[in-house]
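Please open the structure in your viewer and keep the selection panel at hand. The stops below are given in the order in which they may be selected.

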Amino acid sequence: MNKQAYLQFIFLFGILALPCCFKTKRPVADADAVVDSLVAKYRADMPSNPSGVIKIFAEAQKSVRDSVDYYTLQYYTAICHYYNNRTDSAFEAVRKVIEYGKREKPSSRSDLLRCEAYNCIGVFWQVMDKRDSAIVCFQKTYGILSASEHRDGLPDVCINLADCYENNGYFARSSFYYRRALFLADSLDAGDRLYFPILSATARLYQKLENYPEADRYFRQAEQYRDNASDYEEYVFTNSRGNYYYAVKDYPQALDWFRQADRIVKNFPQSNFQAIVEGNMGEVFLMAGQPDSARYYLNRAKELYGRSFDQPSFKFYIDGLYATLALHENNLAEAGRLLLQPYDTASVDPQYIYYRNRRLEEWYARKDDYENAYRYRVRADAYDDSLRNTTVRNRIAEIDSRYRQDTTLLKKDIRIAAVEGRASQWQRIALASLLVLALAGILILFQRRKRESEYRKQMTTVNELRMEIIRNRLSPHFMFNALNAVMPALGQYRELEQPFGLLIRMLRSNLRASEQIATSLENEIDLVKNYLQLQALGDPERIHAEWSVADDVPKDARIPSMCIQIPAENAVKYAFPPEAENARIDIRIDRRADAVHIVIEDNGVGCRPGANAFGERGTGSGLKMLHRTVELLNRKNVEKISFAIESNPDNPATQGTRVTVIVPLHYRFE
C-alpha cells in the first residue's frame, strides 16, 4: 500500500539523522572538549544555515592543534555540505577523514572518528538508493567498532544494515541484523533507547513477509516502549501500524492509527510527512467506500507534496488511487486518462503494476472491450503469481536464517553453562559434582531434542513451501515438448504408442483451449473423449462414460473453452470413492430452440460446495475460472450463457452431480 511513501520517509529521515549517525560515548578529554562544545552549539543550525556553519568550522580549524579535532570538524563540514545539496563536496570531505583515520596511529578517539566517517558515507549512499555501497561502509563500521571500546554503537549500525538489506529485498539478512541489534541492545544495556525502533522495524519486516501474527506480536511489544520514542519514531510507528491494519482489511483501526500519525506530523517542518499520512487516509476511505472523503485527502496529499508529486513512483501510486476513484464514480473518461498515460515504471513496486493491470481490466470490461479486459487479467495474474512466489522464497529464507541464529545462540548458552559448571565443581563435594553433571546432561539432552523437534517442524514448512514453488514452475508446454522429444525413442515399443500418442493429443488440445476463450463443440468433444480414454487406460472398468449427441446439433457451434472438460475432470477425480461400483458419467448434448444444451451428470457422492472428498490437491480453481469467464462474456451479450451446478434431482438414492451449460447459438465471443 504505502511502500513508495515509506521510501520517501527514509530519504528525509536519513538526512535529518546525519548529525548523529549512530550514538556512542565519545571519550572525554580536554583536547576535544572545545570542538564538541562548538558542534553542540551549531548542530541545530546545520540543516537551516549550512553555508554559515561551514565558515565557522573552517575558521575554527585554523586554530586547533590536535589532528583529531581538525578532522572532527571536517566530518561535520561534510554533513553541512550534504545539507547544502553539494554531494560531491560532502563525499570528498568524508573521504579525507577516512584517509586520515587510515594513516593515524589507532587510538580511542581516531577509531571513533573513522567509524563515524564510514557510517556517515554509508548513510549518504543509503539515501541515494545505492544500498550495496552503503552496506560495504556499514560493514566496515561494524568491524572497527567490534574491535574497539565503543561497542555501544553496534546496535545502531546493525539497524542501518538491516534497513539496507530490507529495502534491497534480502529479508533474511534484514531479519538477522534486526535480531542482532536486539541482542546487542540487551548485552550492552542500551535497550530503553533502542527497543522501540528495533521492534517497530522488525514488525514492518514481518508485515512485508505477510506474516501478520508475527508482525502484530512485535508491534505490541514495541508499544510498551513508546514513552522513550522521539517524534519521528512515533510517526514511523503509527503510520506503520495503520499500514498493518490496512493490510488485514481492518479499515476503522487503520484510520484511527493514521489519524494519530497525522496529529504528530502537523508539528513537523517538512510537509512531505503529512502528505504521506493523508495519502494513506485517502486510500483507506477509498477502500471503505467513502469517495468524497477519499478525494479530499488525496487532493490534500497531492497539494502537500508540491513539486515532489512528479516523482515517477509516487505519481504512479497516487494516479492509481485517483483512477480507482474515477471507476467508482463511473467516470470512464477520467479513469482512462489516468490509466493510459505513459509512466516510467523502472522504480515502481511490482505490486502497484499488478493493481494497475486490475484497474485496466475493469476499465476495458466497462467499455465492452472484453479482449483487452481478458489480456490485462492474464497480466495481473502473472504479476500476482510472481509476487506470491517471491514472498514464499523470502519466508523460506527468513525461517532458515532465524533457525540458524537461534541454534547458534543455544549452543553458546550450553557451552557457557558447561564452563560455569566446571568452575564451580572445585567448591563442591564429589556427590554434588555428580548431581550437577547429571542435571547438565539431562538439560543438554532435553534442549537437543527440543531443537531437533523445532528443526523438523521448520524443515517441513520449508519443504512444503519449496514444493509449492516447484509445482508453480511446471507447465503443460514443458510436458508437451518433453513428450514430443521422447516419442521417436518409443517406436520399438508398440504397446506404448497408443497411450503416449493419446497423452500428446490431449496436451495439445489443453494448450489450445487454455489460450482461447471459446472453441468449437467438435474440438471440445474430442478433448474430453481423449481425456476420458486416457483415464480409462489404468482401470477400464472403474468409470463408464456415456455420450449422447443429437444429430441436429451443429458441430461447429462455439462454446466456452473447457466447459465440458472441467466438469468431466472434476467428476473423474472427486465424484467416486475408490470402492465405488457402477460409476457412470453421462454427457448429453442436444439443441433446443436456438441454444445448445449440455448436461454432464454423474452418479457419485453429490455436489458439496467447498468440500473435496477424495483428493487433497483440489481447489475448485477450474470451476472458478469457468464461472468468471462466463460472467465476463455475459456482460456483452443480451442472450446469456447459463451455467449451473446442482445435486442430481432425478437420482436421490445415489446423489450424483449435474452440471448444465446452455449456450445460445448466436452468442458473441469476440
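Begin by selecting tyrosine 355, which in this predicted model is partly exposed, because its relative accessible area of 32% falls between the 20% limit for buried and the 50% limit for exposed. The rings of tyrosine 354 and tyrosine 355 form a tilted aromatic pair, with 5.5 Å from centre to centre and 55 degrees between the planes.

Aromatic pairs number 26 in this model. For another of them, select tyrosine 235 and phenylalanine 273. This pair is edge-to-face, with centres 5.3 Å apart and planes at 85 degrees. Tyrosine 235 belongs to helix α12 (residues 231-247) and phenylalanine 273 to helix α14 (residues 271-287), so the pair links distant parts of the chain, 38 residues apart. Both tyrosine 235 and phenylalanine 273 are buried.

Next, select Phe196, Tyr212, Phe219, Phe237, Tyr244, Tyr245 and Trp257 together; these residues form one aromatic cluster.

Select arginine 173 with tyrosine 165: the charged end of arginine 173 sits over the tyrosine ring, 5.7 Å from its centre. Then select lysine 529 with tryptophan 547, where the charged end of the lysine sits over the tryptophan ring at 5.3 Å from its centre.

Colour the buried residues of α3, which are Pro50, Gly52, Val53, Ile54, Phe57, Ala60 and Gln61. When viewing them, recall that an α-helix has 3.6 residues a turn, so residues three or four places apart point the same way.

The last stop is glutamate 524, in helix α23 (residues 521-536). Is this glutamate buried or exposed? Glutamate 524 counts as buried, because its relative accessibility is 1%, and the limit for buried is under 20%. Display the atoms around glutamate 524: a polar atom of its side chain lies 3.1 Å from the backbone nitrogen of isoleucine 564. Leaving aside residues up to four places away in sequence, glutamate 524 touches Thr519, Ile559, Ser561, Met562, Cys563, Ile564 and Gln565.

Technical notes. Residues are numbered from 1 along each chain as its sequence is written. This is a predicted model: local features need pLDDT of at least 70, side-chain atom pairs count only at pLDDT 80 or more; totals for chains, interfaces and linings use all residues. Side-chain values use heavy atoms; hydrogens and water are left out. Rings of Phe, Tyr and Trp (its six-membered ring) pair if their centres lie within 6.5 Å; planes under 30 degrees apart count as stacked, over 60 as edge-to-face and the rest as tilted. Helices (H or I, at least four residues) and strands (E, at least two) are DSSP runs, numbered from the N terminus. Buried means under 20% relative accessible area, exposed over 50%, partly exposed in between (1.4 Å probe, protein chains only). A charge sits over a ring if NZ of Lys or CZ of Arg is within 6 Å of the ring centre and within 35 degrees of the ring normal. A polar contact is a pair of N or O atoms within 3.5 Å; within protein, one must be able to donate a hydrogen and the other to accept it, and residues adjacent in sequence count only if both atoms are side-chain atoms. Contact means heavy atoms within 4.5 Å.
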